Amino acid sequence: MAPRITVVGSLNMDHVLRATSLPREGETVAATRFDRFPGGKGANQAVGCARLGSEVRFVGMVGQDDYGRRFREALNSEGIDTSGLLACDHPTGVGLITLDAQARSTIVVALGANLALTPAHVREHTAAIASADGLILQLEIPMDSVAEAAHIAHGAGVPVVLNAAPGSIVPDDLLDLVDVLVVNEHEAMVLLGATEDPCVDLTQLGRAHRIDLIVMTRGEHGAWISQADEAQDIPAFRVDAIDPVGAGDAFVGALTCALVRRGGLKGLTPAAARDACLWASAAGALATTIAGAIPSLPRAAAVDQLALGR
Ligand code: ADP
C-alpha cells in the first residue's frame with residue numbers, strides 16, 4: 001500500500017528571475033529569464049511525496065484569486081487530495097526568487113493567505129492528520145497552527161516531521177511533539193541562537209526533546225544527521241546543479257517517504273537512518289538539476305537510479 005502522508009503547510013506562487021549576478025543594495029540588474037512556478041515549502045514537499053509514490057493529503061490556505069485556482073489545479077494534477085485546501089480573502093502567497101549564474105539565490109516571500117490558516121482550520125482536518133502514516137510541517141504558516149497539527153498527529157501516534165524553515169525559533173512545547181527535525185545550516189543557526197558548534201547543540205536539542213532523528217542539510221556538502229546519539233555525515237551526490245531552489249523540499253519529502261515506507265520510526269537504527277537520508281540526498285541533488293522547485297522534484301525511479309545505481 002502507498003504511504004499516506006499529510007502535509008499541513010504553505011503555498012506560494014514563485015516568481016523566478018535569473019540574472020548574471022544578484023543585485024547589491026540599491027542596484028538594478030537585468031534578468032536573463034523570468035518564470036512563474038507554483039511553490040512554497042508545503043506545496044513543494046507535498047508534490048515531492050506524491051511524485052515518489054505516496055498518497056498525499058494537503059491542508060493549507062490560498063486566496064480566492066487566480067493563483068489560488070492554479071494551485072488547486074496544480075496539486076490535483078499531481079494526484080494530491082486537496083479537500084483540505086481552503087480559500088480566504090487574503091491574496092495567495094507569493095515568492096520572489098533571484099538566481100545568479102552560479103545558482104546562488106535570494107528569496108523574499110509574502111505569505112498572504114498562508115497566515116490566515118488558523119488552528120481551528122487545522123482541527124477541521126483532524127481525520128486527515130490522525131489517519132496518516134506521517135505528517136510533514138514547515139514554518140510558513142502560523143506557529144500555533146503548526147503546533148495544533150503536531151499535537152493531533154502526536155496524539156494519534158503519527159510521526160511528525162518538522163522542517164524548521166524558514167529559520168525560526170521554535171517553542172519548546174512544539175519541539176516536544178517532533179519526531180524528525182530537518183534544518184539547513186542557516187536555519188540551524190536561527191533555531192539554536194548563538195552557537196559555536198551547531199552539531200553539538202542540535203544533538204543536545206534532540207536529547208532534550210526526544211527527537212528521533214535530526215538532520216542538518218548542507219547543500220553540495222550533503223547532510224549531517226544525529227540519530228540515537230550517533231552522528232553521521234551523509235555525502236552529496238555529484239550532479240550539475242543549476243538551481244538550488246527546492247533541494248531542501250525534495251530532501252524532506254523523500255526522507256519522510258523513505259521513513260514511512262520502512263514502517264515509521266520504531267526500531268530505527270543508525271544504518272536505516274543513513275539509508276533513508278542517502279535516498280533523500282539523491283532526491284535533493286536531482287532537484288538542483290532542473291530549474292524551479294516543483295518542476296525539479298524527482299520521481300522514485302530517478303532517485304533509485306542515482307542513490308542505488310539502478
Ligand atoms: P535548502 O534548499 O533547504 O537550503 P540544501 O541546499 O541543504 O537545502 O539541500 C538539501 C539537500 O539536497 C542537501 O542535503 C543535499 O543532499 C542535496 N543538495 C543540495 N544542493 C546540492 C548540490 N549542489 N549537489 C548535490 N546535492 C545537493
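A residue counts as near a molecule or strand if one of its heavy atoms lies within 4 Å of it. The model is predicted, so local features need pLDDT of at least 70 and side-chain atom pairs count only at pLDDT 80 or more, while totals for chains, interfaces and linings use all residues. Residues are numbered from 1 along each chain as its sequence is written, and side-chain values use heavy atoms, with hydrogens and water left out.

**Ligand site**

Around the ligand there are 18 residues, of which Asn184, Thr217, Gly219, Gly222 and Ser281 come nearest. Helix H9 (247-261) and helix H10 (270-287) each contribute at least two residues to this shell; helices are DSSP runs of H or I with at least four residues, strands are runs of E with at least two, and both are numbered from the N terminus.

| Residue | Protein atom | Distance to ligand oxygen |
|---|---|---|
| Thr217 | side-chain N or O | 2.8 Å |
| Arg218 | backbone N or O | 3.5 Å |
| Gly222 | backbone N or O | 2.8 Å |

Of the 550 Å² of accessible area that the ligand has on its own, the protein covers 83% (Shrake-Rupley method, 1.4 Å probe).

**Sheet**

Four strands form an open, mixed sheet in the order E3-E2-E6-E7; two strands pair if DSSP finds at least two bridges between them. Strand E3 (33-39) and strand E7 (105-110) are the edge strands, each pairing on one side only. Strand E2 (residues 12-18) pairs with E3 in the antiparallel sense over seven bridges, and Arg36 in E3 is the bridge partner of His15.

Definitions and conventions: Polar contact = N/O pair within 3.5 Å; in protein donor to acceptor, adjacent residues only side chain to side chain.
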